[in-house]
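Hi there,

My notes follow right below it.

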Amino acid sequence: MDSSNQTSQLEIARSLVTALENNDEQLAAELTLSLGQSQESALFREVGKLTRELHDALNNFEVDARLIDLTENEMPNTRDRLNFVITTTENAAHKTLGYIDQTLPLTSELKKSAEKIDESWHRFRMKELSADEFRQLSKEIEAYLPIVKQHSEQIHANLSEMIMAQGFQDITGQVIRQVIDLVGEVENNLVQLVKVAGKHINDKPKENKQVDPIKAEGPQINAEDNPDVLNNQDEVDDLLSSLGF
Amino acid sequence: MKILIVDDFSTMRRIIKNLLRDLGFNNTVEADDGLTAWPILEAGGIDFLVTDWNMPGMQGIDLLKKVRADENMATLPVLMVTAETKREQIIVAAQAGVNGYIVKPFTAATLKEKIDKIFERIDS
């Protein structure tokens, strides 16, 4: 009840007391009625206030609706997307490793044959080769050259495939960017929700949360800013040697 | 020399396997976490354990502790290859009796250096 309303009600009440003391029944009845009316208008104001609050609450439900959508649809979808990133990077890595496995023996074979021919060629230049040996060397060179061509082509093809396999970066990058956007949206919605709920809740978030200091966290992001994190193998080695390792 | 490689990512197992092959270690077996590694270790014949830390099921640090607590495996050389780089974690691993600690991403040279160092210490 506001103060002007209170003042006017007090005035009416005082007039009512005076009217009753003066036995003015008609005035007393009128004053009683107007007191009741003022009470009713206060009731209407309260109803109005509640209606507004209800309206606001319903509007806030729109935030909740998006949150429900995020929880029910977007989140499972995001899990799928992130699993897709794991599968895609895994496939790309295996593909690349596979081509490397195919290529290494080719280079070893070329190296081995070249070393053998190089040695004979050197002896030929030093005039140390017999005619038979020279014929043998000629045959080896003749056989070697097409192999060099063939293997080089294969190595070139394998390297091209390895280049193509790096396409995962683009694909997974796009998916991860979508996930970053989604996380941002969830964060905003949660902040809104906390603001709405915060009107009724005064509890502050619990501090001094118990954390396991050795819980596995995977690769550290922004490690430079965290004094508890070592940045490279050298720092790890230094720490271990300080422990008597 | 039979080496058990434990990592939940098959590509990392493959990379480690290839690097070990280049270093002359051809006899390797693989497991994808501590739980699947344990029966292989219990079956015997493993001379060297290379393990990641962060894995589903049983983590590498728990596998290390389990190995050290088992009288048959207490002296098995264990090399940790992991992305876990918190000071506290490395101290705990050292206290648990790890023989070497390599942080990912790592190089072939680092792997060779740490393995050489482990065997040097064992031989001396």
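Let me begin with two helices, one from each chain: α5(A) and α4(B) lie oblique to each other, because their axes cross at roughly 50 degrees, and angles from 65 to 115 would be needed to count as roughly perpendicular. Please keep in mind that this is a predicted model.

The axes of α5(A) and helix α4 of chain B (residues 87-96) come within 10 Å, and α5(A) passes α4(B) in a right-handed crossing. If you want to find the spot on screen, look for A:Val236, A:Leu239 and A:Leu240 on the α5(A) side, which meet B:Arg87, B:Ile90 and B:Ala94 in α4(B). By residue type, this contact is made of five nonpolar residues and one charged residue, with no polar ones.

Now for the wider view of how the chains touch. Across the interface, 22 residues of chain A are in contact with 23 residues of chain B. On the chain A side, α2 (25-125) and α5 (233-242) each contribute at least two residues. The chain A residues that touch chain B comprise 14 nonpolar, five polar and three charged.

Finally, a few words on chain A by itself. Its secondary structure consists of five helices and zero strands, giving the pattern α-α-α-α-α along the sequence. Chain A has 245 residues, of which 2% count as buried. Taking the contacts in chain A between residues at least 6 apart in sequence, 68% link residues at least 24 apart.

Happy exploring, and do write back with any questions!

Best wishes

Conventions: Residues are numbered from 1 along each chain as its sequence is written. Chains are lettered from A and ligands numbered from 1 in the order in which they are written. This is a predicted model: local features need pLDDT of at least 70, side-chain atom pairs count only at pLDDT 80 or more; totals for chains, interfaces and linings use all residues. Two residues are in contact if their C-beta atoms, placed from the backbone, lie within 7 Å. Helices (H or I, at least four residues) and strands (E, at least two) are DSSP runs, numbered from the N terminus. Ala, Val, Leu, Ile, Met, Phe, Trp, Tyr, Cys and Pro count as nonpolar, Asp, Glu, Lys and Arg as charged, and the others, Gly among them, as polar. Axes are lines fitted to C-alpha atoms, for helices over the stretch in contact, and angles run from 0 to 180 degrees between N-to-C directions. Angles under 35 degrees count as roughly parallel, over 145 as roughly antiparallel, 65 to 115 as roughly perpendicular and the rest as oblique. A crossing is left-handed if the near helix is turned anticlockwise from the far one by less than a right angle, and right-handed if clockwise. A residue is buried if 20 or more other C-beta atoms lie within 10 Å of its own, exposed if 12 or fewer, and partly exposed in between; C-beta atoms are placed from the backbone.
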